[in-house]
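Here are my notes on the model you sent over. Have it open while you go through them.

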Amino acid sequence: GANVFESISNYKNRGLFVRADVGYKNFAFLEGSYRRDYTSAEPQGSYINTKSLGASLVFSDLIKDKSILSFGKIRASWGQILNSLNPYDLDTYYTVADNYNGNSTMTEPNVLVDPQLRGAANDEKEIGVELRFLKNRVGTSVTYYSRVNKNFPVAITTTGTTGYTSIRTNAGEIAKQGLDVQLNGRALNMKNITWDITGTWG
């Protein structure tokens, strides 16, 4: 008959979070946050800090004549996202394998865990501008972003003479950047009917 396996994982997370927002005359805005996470997957007593900071400016409020530019805002932000270890990433453990002649068998661990293994925080940066023209009938939003995942846990292949096939350590790095552009317009604007069209490129 078929073998049935059941897996149960335990994971706990405790965090401290602080956020502050400041605005000036509905024109300039500044916000920031700080978070500290303690997870059961991390080494005992360790934690991961993540922070964020954002600012925006509605520069169209400086323009009196809004017959062409109805609204204009520039914004920028930087933030970090928690990338914690998975449950039992710090452990070396045996796993149940197929039965052999009616006897249960287990596989030996083949992954060596770096004693300095830790979770990480991913960085994200964005800068963008939002514009609306002709009494908000036509608009566009342009955003440039950069995302870097650095020092996250990966398994690196090692020589079999060590008794292991790989070592789990902090060595990963992925960087991505790009541009998102959104265009929107109101094709129909009647008393009881409006028709908006939106297109996105990225």
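**Notes on the model**

1. Let's start with burial: of the 202 residues in the protein chain, 23% are buried. Keep in mind that this is a predicted model, so everything below is computed from predicted coordinates.

2. On confidence, the protein chain has an average pLDDT of 89, and 98% of the residues score at least 70. Going element by element, the highest mean pLDDT belongs to S3, at 97. The lowest, 74, goes to strand S5, which covers residues 95-96.

3. The secondary structure is quick to describe: eleven strands and zero helices. Reading along the sequence gives β-β-β-β-β-β-β-β-β-β-β. The chain is more spread out than a compact globule, because its radius of gyration is 26 Å, well over the 17 Å that the globule rule gives for 202 residues. As for overall dimensions, the C-alpha trace spans about 85 × 40 × 30 Å along its principal axes.

4. How do the contacts split by sequence separation? Taking those in the protein chain between residues at least 6 apart in sequence, 55% join residues at least 24 apart.

5. For the surface, the protein chain exposes about 14400 Å², and 54% of that comes from carbon and sulfur atoms. On charges, there are 22 positive and 19 negative side chains.

6. Is Thr 50 buried or exposed? Its relative accessible area is 6%, so Thr 50 counts as buried, the cut-off being under 20%. Setting aside residues up to four places away in sequence, Thr 50 touches Ser 33, Tyr 34, Arg 35 and Asp 37, along with Gln 80, Ile 81, Leu 82 and Ala 121. Strand S3 is also the element with the highest mean pLDDT.

7. Compare that with Pro 153, found in strand S9 (residues 138-157). Pro 153 has 22% relative accessibility, so it counts as partly exposed; buried would need a value under 20%. Which residues does Pro 153 contact, leaving aside its neighbours within four places in sequence? They are Leu 85, Leu 117, Arg 118, Thr 169 and Asn 170. Leu 117 is 36 residues from Pro 153 along the chain, yet their C-alpha atoms are separated by 7.2 Å.

Terms used:
Residues are numbered from 1 along each chain as its sequence is written. This is a predicted model: local features need pLDDT of at least 70, side-chain atom pairs count only at pLDDT 80 or more; totals for chains, interfaces and linings use all residues. Side-chain values use heavy atoms; hydrogens and water are left out. Helices (H or I, at least four residues) and strands (E, at least two) are DSSP runs, numbered from the N terminus. The radius of gyration is taken over C-alpha atoms; the globule rule is 2.2 Å times the number of residues to the power 0.38. Buried means under 20% relative accessible area, exposed over 50%, partly exposed in between (1.4 Å probe, protein chains only). Contact means heavy atoms within 4.5 Å. Accessible areas come from the Shrake-Rupley method with a 1.4 Å probe; for residues, only the protein chains shown count as cover. Lys and Arg count as positive and Asp and Glu as negative; His and the chain ends are not counted. The place of a charge is taken as NZ of Lys, CZ of Arg, CG of Asp or CD of Glu. pLDDT is the predictor's confidence in each residue, from 0 to 100.
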